[in-house]
Amino acid sequence: MLNNSAIIKKFNDFLEAGHYRKTPERFAILDRVLTFPRAFTIDDLALKLEADAYHVSRATVYNSVELLLKAGVLRRFHLDGMSMQYVRVNSTQCTHLICTVCGKVKNVKDPNLAAFMNARKYNAFTTSHYSLCVYGLCNACARKLKKSGRKKSQLNSKK
């Protein structure tokens, strides 16, 4: 499990190895990224930066997020009808449970899946990490569905 200081070091090492500039803006954006307990959007990140009175252009935010993706600090995924979502990577094996109604993302450890994936060998390919997204309903949305008596298809189409 990677803690914040390990993630910062990983990003710093990535920037050095790739001969990227280590700008205060990139590390300020990383600092804000590390405060999100769940998945977030670029808009969420930009709002957090503005709320902290840290003014950077939207292009800087996008470019920094792209570097964080390349560095393996963030993962990106998309839900139908929603903006691109980002979640920080805490380990090399990541399983995300994603609610298709509210967009909530929960990161879980699955030792059986990790053991299976670590044992997998692919021809002409060396695995460094994996990320698995499992889509469905979170408990809160499932309760709402049950309470309202609606079908899953009706709940998903309410957006």
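Q: Is Asp13 buried, partly exposed or exposed, and what is its relative accessible area?
A: Asp13 counts as partly exposed, a class between buried (under 20% relative accessible area) and exposed (over 50%), with a 1.4 Å probe and protein chains only. In this predicted model, local features need pLDDT of at least 70, side-chain atom pairs count only at pLDDT 80 or more, and totals for chains, interfaces and linings use all residues. Residues are numbered from 1 along each chain as its sequence is written, and side-chain values use heavy atoms, without hydrogens and water. The relative accessible area of Asp13 is 32%.

Q: With which residue does Asp13 form a salt bridge?
A: A salt bridge requires a side-chain nitrogen of Lys or Arg within 4 Å of a carboxyl oxygen of Asp or Glu. The closest N and O atoms of the pair are 2.8 Å apart. The partner of Asp13 is Lys9.

Q: How many salt bridges are there by this rule?
A: One of them joins the side chains of Lys22 and Glu16, at 2.5 Å from N to O. Both of its members are partly exposed, Lys22 at 41% and Glu16 at 42%. The count of salt bridges comes to 6.

Q: Is Arg32 buried or exposed?
A: Arg32 belongs to helix 2 (residues 24–33). Beyond its neighbours within four places in sequence, Arg32 has contacts (heavy atoms within 4.5 Å) with Leu45, Lys48, Leu49, Asp52 and Tyr54. Because its relative accessible area is 11%, Arg32 is classed as buried.

Q: How many residues apart in sequence are the parts that Arg32 and Asp52 tie together?
A: Arg32 and Asp52 form a salt bridge whose closest N and O atoms are 2.7 Å apart. Arg32 lies in helix 2, whereas Asp52 lies in the loop between helix 3 (42–51) and helix 4 (58–70). Asp52 is partly exposed at 41%. The pair therefore ties together parts whose separation in sequence is 20 residues.

Notes
Helix = DSSP H or I, 4+ residues; strand = E, 2+ residues; numbered from the N terminus.
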